Amino acid sequence: MEHRTIIILWITVSLILLQNPSNVQGRYHYHKKTSKRSQSPTPSPESPESPEPVAPSTPVAPSTPSTSPPNVPSDPYPDDPGNNSNTTDSTFNVMSFGAVGDGDADDTMAFRDAWKAACAVESAVILAPADYCFKITSTIFSGPCKPGLVFQVDGILMAPDGPKAWPKADSNKQWLVFYRLDQMTFTGSGTIEGNGQKWWELPCKPHRGPNGSTASGPCDSPAMIRFFMSTNLVVSGLTIQNSPMFHMKFDGCEGVQIEKLLISSPKLSPNTDGIHIENTKSVGIYDSKISNGDDCISIGTGCANVDIMGVTCGPSHGISIGSLGVHNSQACVSNITVRNVVIRESDNGVRIKTWQGGTGCVSGILFENINMDNVMNCMLVDQYYCLSKACLNQTSAVYVTDLTYRMIKGTYDVRRPPIHFACSETVACTNITLSEVELYPHEGELMDDPFCWNAYGTQETPTIPPIECLQDGKPEGLAEVQYTC
């Protein structure tokens, strides 16, 4: 009896459901109406695999252009951050512009064309890829460009091999020039090769003429990399080597950060300064290694607010301010800090060099926590700088003041006294401060005592070796005003 009753109830419920299907189909037809209002295609009701539709946004008619920006190179950040199909839109690989990269073909035009294209795109990257060697001739990479431009060298960038290979139409005073740029980065894991050997052997170079002389004749040699009239620059990560002359030169720039560079050329390569700055302000040089045949870092006139830290120099001619005041010119340098530096096997340590007859001022100089390893002239002020024996004393000179030497330690080459302050006879050096200076002979014994001439300052701690020639106070009658900048 109970079994028959259950069967009757089941048949009754089934008949009710067949007469009232709206609980499923009603939901479907509701969404179909919404889709019809928006003119959007809907999934076929006959397709059981179609997902349940949702109310779509109003589409754009086919004849109406899209109002969203297209994903083109000028738009390096496409609307969809998850879309990686356009991640190279702002990367300009020089291979795509016809570069060969075999070290023999002239790839100059490929680099110029890539530069021109990238210059017009914000945050663009010019890429010289790894595993290729690109030979290019003297080129000016000129701005202004859109901000954020990156020149990334992961391969080898190579100059022509010596004066005879240098195109006659090109300037032989510079190779790669970056001009009128803002917010530009020069970086990469690659190498910039200067091929300087044949330039160093010109008879006009020091000691390259007959019997070790310096012969007359054409002597211009290209600076390897020059930044001119530019702001907010970063140079990092590169190996820069064998420049015909200066490896890197900054002139008329402001806001420069240099870090993690490896700069090298042979010890006897002439005039191969590592980094030279002139008329340039707000500079940081950090965590780099420099070995070359001239100044590791040289600071010319017109420089201010320079911070050098974590640099290893040597062999080299040390870190120099100058030369300044040549041809009776005015020179101004201020607020220079050199700290946490190692100088080894070098002809000089930290040096200030000025010509007789100049005017201007060097002030606010701090040398701190510097380790010397077998260095001649560890601490040198030379106001009688001259490249020949024909220079005469003059009554004017660049005024040198506010020098601090703190925690200068290590060893010196005994052929020269480790401390040498040769100030102008008419314009004394003033306010020199010595603290924790401890310098010992690398080998042998000190031949000459530290030397001072017209130098005034104080010793906060005893100096090793003892320096008895530094005068207390200030000289009488020094007209400081006329020497300020």
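The S-S bond of C452 and C469 has a torsion of about 50°, so this disulfide is right-handed. The bond joins C452 to C469 with an S to S distance of 2.1 Å. It ties together distant parts of the chain: C452 sits in strand β31 (residues 451-453), while C469 belongs to the segment after β32 (455-459), 17 residues apart. With a relative accessible area of 12%, C452 is buried. C469 has a relative accessible area of 25% and is partly exposed. These values come from a predicted model.

**Other cysteines**

The structure holds six disulfides. Three of them are set out here, including the pair described above.

| Disulfide | S to S distance | Torsion about the S-S bond | Handedness |
|---|---|---|---|
| C119 and C145 | 2.0 Å | about -105° | left-handed |
| C296 and C313 | 2.0 Å | about -60° | left-handed |
| C452 and C469 | 2.1 Å | about 50° | right-handed |

A disulfide joins C119 to C145. The torsion about its S-S bond is about -105°, so the disulfide of C119 and C145 is left-handed. This pair links distant parts of the chain, with C119 in helix α3 (residues 108-119) and C145 in the loop between β5 and β6, 26 residues apart. Both C119 and C145 are buried.

C296 and C313 also form a disulfide. Here the torsion is about -60°, so the disulfide of C296 and C313 is left-handed. Distant parts of the chain are again linked: C296 lies in the loop between β19 (289-291) and β20 (297-299), and C313 in strand β22 (residues 312-313), 17 residues apart. C296 and C313 are both buried.

Which cysteine has its sulfur 9.9 Å from that of C303, the closest cysteine sulfur being too far for a bond? The residue in question is C253. C253 is in no disulfide, and its nearest cysteine sulfur is that of C303, 9.9 Å away. C253 counts as buried, at 3% relative accessibility. C303 counts as buried too, at 1% relative accessibility.

**The chain as a whole**

The protein chain contains four helices and 32 strands. Of its 485 residues, 46% count as buried. The accessible surface of the chain comes to about 24300 Å², and 53% of that belongs to carbon and sulfur atoms. Among contacts in the chain with a separation of 6 or more, 72% are between residues 24 or more positions apart.

**Aromatic rings**

A pair of aromatic rings is described by the distance of the centres and the angle of the planes. The count comes to 20 aromatic pairs. In one of them, the rings of F141 and F151 have centres 5.5 Å apart and planes at 85°, so the pair is edge-to-face. F141 is in strand β5 (residues 139-142) and F151 in strand β6 (residues 149-153), ten residues apart, and the pair links distant parts of the chain. Both F141 and F151 are buried.

Ring pairs also link F141 and F151 into a cluster whose members include F111, W115, Y132 and F134. The cluster takes in F178, F186, F227 and F250 as well.

Another ring has a charged residue over it: R226 lies over the face of F228, at 4.4 Å from the ring centre.

**Nonpolar core**

The largest nonpolar core has 99 residues. Which of these touch the most other members? They are Y405 and F421. Leaving out residues up to four places away in sequence, Y405 touches V350, F367, M379, V381, F421, I432, T433, L434, S435 and V437.

**A strand residue**

T191 is found in strand β10 (residues 191-193). Is T191 buried or exposed? T191 is buried, because its relative accessible area of 19% falls under the 20% limit. Apart from neighbours within four places in sequence, T191 is in contact with V153, G155, I156, L157, T239 and Q241. Of these, V153 is in strand β6 (residues 149-153), the strand that also holds F151.

Technical notes: Residues are numbered from 1 along each chain as its sequence is written. This is a predicted model: local features need pLDDT of at least 70, side-chain atom pairs count only at pLDDT 80 or more; totals for chains, interfaces and linings use all residues. Side-chain values use heavy atoms; hydrogens and water are left out. Helices (H or I, at least four residues) and strands (E, at least two) are DSSP runs, numbered from the N terminus. Buried means under 20% relative accessible area, exposed over 50%, partly exposed in between (1.4 Å probe, protein chains only). Contact means heavy atoms within 4.5 Å. Rings of Phe, Tyr and Trp (its six-membered ring) pair if their centres lie within 6.5 Å; planes under 30 degrees apart count as stacked, over 60 as edge-to-face and the rest as tilted. A charge sits over a ring if NZ of Lys or CZ of Arg is within 6 Å of the ring centre and within 35 degrees of the ring normal. A nonpolar core is a set of buried Ala, Val, Leu, Ile, Met, Phe, Trp, Tyr and Cys residues joined through side-chain atoms within 4.5 Å. Accessible areas come from the Shrake-Rupley method with a 1.4 Å probe; for residues, only the protein chains shown count as cover. A disulfide is a pair of cysteine sulfur atoms within 2.5 Å.
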